Structures are given as structure tokens and as C-alpha cells.
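The sequence and the structure are shown first.

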Amino acid sequence: MQGLLLALAIGATASASSPPAKFPEFDWNQGTVSVVLATSTPGDWLPEPPESDECKKPNIVCWSLHSPMWFRIRVLQLVYGQAPTERLVVSTMTHYGQPEVDDERAPRLLLLISHQGQTVMPLYSYEQAWRRSDGKYYLLLDSDTPVAWLPCDAYELREPIDDRMFDEAVRRPLDDYMVETQPQMYTNRGPYVAPRYGISVERLSDFLRVRQPSLKQFRCEQPKAQAER
């Protein structure tokens with residue numbers, strides 16, 4: 001439980017909750033790495049970065065699949081590292097829209113890098129978590145491949161779960177794409193299915209505290225053939 005206590009840094013700057021004028025530029029290897037469980041609310045888009053010199057050359061066509069944006073989070077639990085403050089503005093890049101508003105029933109687990117009052121979430125480094133009826137949080141798994149932004153062996157923390165201890169929103173229809181392609185990951189409840197396995201956020205916190213992974217170790221690259229299954 002110690003790893004789940006909310007321990008926020010003292011003396012955090014007010015800029016941690018102020019929207020940036022542009023996407024933060026700093027060496028991520030010099031930042032502080034943390035994993036937090038947090039609720040989020042939409043923010044706004046940031047200016048597109050200027051084209052690189054390579055893109056300006058004749059007969060070269062460049063376009064970005066990901067646009068910069070910022071959004072707000074409220075930290076519920078510190079899972080790993082040290083978060084600068086309880087309320088943060090987080091910048092990231094995305095191909096999709098702003099994050100939807102969520103709550104303590106189903107918050108987000110996010111990987112963050114903070115430096116001098118600025119916080120960045122690496123591309124798609126988040127997962128939805130679900131609160132069990134006893135108050136504990138779990139990542140509910142829909143695939144037999146590890147979570148891409150966590151250390152690979154964090155997937156070994158998976159355990160069978162009783163979906164009836166979670167909100168009904170975890171259920172999926174029988175014709176859901178992931179259900180049809182990964183049926184072994186679901187429990188059949190007749191008219192619907194529900195996740196069969198999960199990773200306890202509490203156990204994940206203990207795992208990360210022991211492992212003390214660097215930023216480079218927060219990655220699990222799968223062989224191409226496996227990733228495309």
C-alpha cells in the first residue's frame with residue numbers, strides 16, 4: 001500500500017497547472033519520471049511545430065499524424081516516482097481528440113515526465129483503470145500482449161479477476177472486435193463477455209518501486225509479427 005500513497009513534491013511551481021504556449025521542449029532524460037492514477041479533463045490544442053528542414057526540400061512531402069495538445073489531470077494516487085503537484089497540466093501528441101472527462105470510478109494510469117514546471121506524457125502512454133467494489137484499482141486486459149509503455153515483465157502481474165466486482169461498463173458485446181480476436185481474454189456471461197484478467201495497480205506500484213525502471217525501460221517493443229496479430 002505504501003507505493004499507492006499520494007506523496008506530492010513540496011514547493012511545486014504554479015506553472016505546473018498553467019497551460020503552455022507551445023509543446024514543452026526539454027531533454028526527457030533529464031526529467032522526473034512518474035506513473036500516476038488520475039482523473040482528466042480536456043484542455044486545448046497547441047501550435048503545430050514548424051516543418052523540419054528535411055520537409056522543406058523539393059519533392060519531399062511531410063505531414064504529422066500527431067498533433068500537440070494539453071489537458072488537465074488531478075492525481076488520485078502516486079504509483080511510481082514523484083509527481084510535482086496534485087493538479088497538473090499535461091502536454092502530449094495525439095492522432096485522436098482531447099481525452100474525455102473521467103472520474104474516480106474509471107480514471108487513467110499515465111506515464112509522465114516532468115521538468116522545471118512542465119509535464120509531458122509520451123505518445124499514448126496511458127491505460128484506463130477500473131475501481132473494484134473494494135476500492136482497489138485494476139487495469140483490465142483485452143490482449144495477451146504486454147502493455148506497450150510499461151516494462152515487459154509487468155505483464156506477469158496479471159491475475160484472474162471477477163468482473164462482477166467492477167462496474168457494468170467493463171462488459172463488451174459478443175461481436176466486439178477484441179472479443180472476436182482475443183476470446184481467451186474474456187469470460188462469457190451469456191449475452192455479453194467481460195475481461196478475464198487484470199493487473200492490480202497496487203501490485204504494479206510495488207513492482208515499479210522494486211525495479212526502479214529508467215525512462216528507457218518504460219517500453220515493451222513486440223516483434224512485428226506478434227504486434228500485428
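Three helices and twelve strands make up the secondary structure of the protein, which is a predicted model. Among contacts in the protein with a separation of 6 or more, 74% join residues 24 or more positions apart. Of the 229 residues in the protein, 41% are buried.

In soluble globular proteins, nonpolar side chains tend to be buried together. The largest nonpolar core of this model holds 32 residues, and the members that touch the most others are Val35, Leu109, Leu150, Leu204, Leu208 and Phe218. At least two residues of this core come from each of β1 (32–45), β2, β4, β8 (137–140) and α2 (201–211). The greatest contribution to this core is that of α2, with four residues. Another core lies apart from it; this one has 13 residues, including Ile73, Val75, Leu88 and Met121.

Which residues does Leu204 contact once its neighbours within four places in sequence are left aside? The partners of Leu204 are Leu109, Leu150, Ala154, Leu157 and Ile199. Two of these, Leu109 and Leu150, are also listed with Leu204 among the core members that touch the most others.

**The second largest pocket**

The second largest pocket has a volume of about 280 Å³. It is lined by 18 residues, and those closest to its centre are Gly97, Pro99, Glu100, Arg108 and Tyr126. Strands β2 (67–81), β3 (87–94), β4 (108–115) and β6 (126–128) each provide at least two residues of the lining. The largest share, three residues, belongs to β3. The composition of the lining by class is tabulated below.

| Class of lining residue, second largest pocket | Number |
|---|---|
| Nonpolar | ten residues |
| Polar | five residues |

**Confidence of the model**

The protein has a mean pLDDT of 88, and 86% of its residues reach 70 or more. Where does pLDDT stay under 50? One such stretch is residues 1–15, for which the model has 28 contacts beyond four places in sequence. Another is residues 224–229, with four contacts beyond four places in sequence.

Notes: Residues are numbered from 1 along each chain as its sequence is written. This is a predicted model: local features need pLDDT of at least 70, side-chain atom pairs count only at pLDDT 80 or more; totals for chains, interfaces and linings use all residues. Side-chain values use heavy atoms; hydrogens and water are left out. On a 1 Å grid over the protein atoms alone, a cavity is a set of points where a 1.4 Å probe fits but cannot get out, and a pocket is an open set with protein on both sides within 12 Å along at least five of seven lines; lining residues have an atom within 4 Å of a point. Grid points are joined across faces, edges and corners, and a volume is the space filled by probe spheres set on the points. Ala, Val, Leu, Ile, Met, Phe, Trp, Tyr, Cys and Pro count as nonpolar, Asp, Glu, Lys and Arg as charged, and the others, Gly among them, as polar. pLDDT is the predictor's confidence in each residue, from 0 to 100. Contact means heavy atoms within 4.5 Å. A nonpolar core is a set of buried Ala, Val, Leu, Ile, Met, Phe, Trp, Tyr and Cys residues joined through side-chain atoms within 4.5 Å. Buried means under 20% relative accessible area, exposed over 50%, partly exposed in between (1.4 Å probe, protein chains only).
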